[in-house]
Amino acid sequence: MKNRLKVLRAERDWTQADLANALGVSRQTVNAIEKGKFDPSLPLAFKCARLFNLAIEEIFEDENH
Amino acid sequence: MTCEQLDSRPAVINTTKQLALWTGAWVGSAALATLGHQLLWTNNISLSLIAIAINLLLGMQMIRAYIKHIKALDELQQKVQIEAAAITAGTGIVAGSSYSYLSNFGVIQQEANIAVLIVIMALAYIAAIIIGMWRYR
């Protein structure tokens, strides 16, 4: 699954650690999601969406779609 | 590498320290039960039973601490832990049965020792955690 987390984070001048703190996960998890190595659960995806004030599909994109 | 470097969230640091504490206590009590029976209170069954009961109670606390630690981790870390637990359990069953056959068929001279299996499982767990973390780095 592709995502725009890195871009959204960079726009706000946040570090991975800042985003990890805001989401309540480890920095390694943020890094793995940004690199597309790990797909977040639906609750975590919703948390990202709330944090950036966007819809989930504006952040995450199904590569098979 | 300290637990603070792996994950700076206070709950994870706390549960990691608790897990280390209870694991250390369990290993220490296992050593006391084994060495005590051999060296300190030679063949005193009552003292050995007390040492084993303490070891069992500390082991249960270690399991509780491990469950609390898993619950404090985030979803990626939980995934790595679940995969490592599966590999460890599988390794324990496969290596344990092979080791038991070798002992039963007299291929290895000494009787099968549970400590060997614990070491193999511990090494499998450590390797699986390292590989899991490396895969998602």
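Student: How many helices and strands does chain B have?

Tutor: Helices (H or I, at least four residues) and strands (E, at least two) are DSSP runs, numbered from the N terminus. In this predicted model, chain B has five helices and zero strands. Its pattern along the sequence reads α-α-α-α-α. As conventions, residues are numbered from 1 along each chain as its sequence is written, and chains are lettered from A and ligands numbered from 1 in the order in which they are written. Local features need pLDDT of at least 70, side-chain atom pairs count only at pLDDT 80 or more, totals for chains, interfaces and linings use all residues, and side-chain values use heavy atoms, with hydrogens and water left out.

Student: Where is B:Gln81 placed, and is B:Gln81 buried or exposed?

Tutor: Buried means under 20% relative accessible area, exposed over 50%, and partly exposed in between (1.4 Å probe, protein chains only). B:Gln81 belongs to helix α4 (residues 75-104) of chain B, and B:Gln81 counts as buried because its relative accessibility is 9%. Across chain B, buried residues account for 28% of the 137 residues.

Student: With which side chain does the side chain of B:Gln81 make a polar contact?

Tutor: A polar contact is a pair of N or O atoms within 3.5 Å; within protein, one must be able to donate a hydrogen and the other to accept it, and residues adjacent in sequence count only if both atoms are side-chain atoms. Here the partner is the side chain of B:Tyr125, at 2.7 Å.

Student: Is B:Leu39 buried or exposed?

Tutor: B:Leu39, in helix α2 (residues 10-40) of chain B, counts as exposed because its relative accessibility is 61%.
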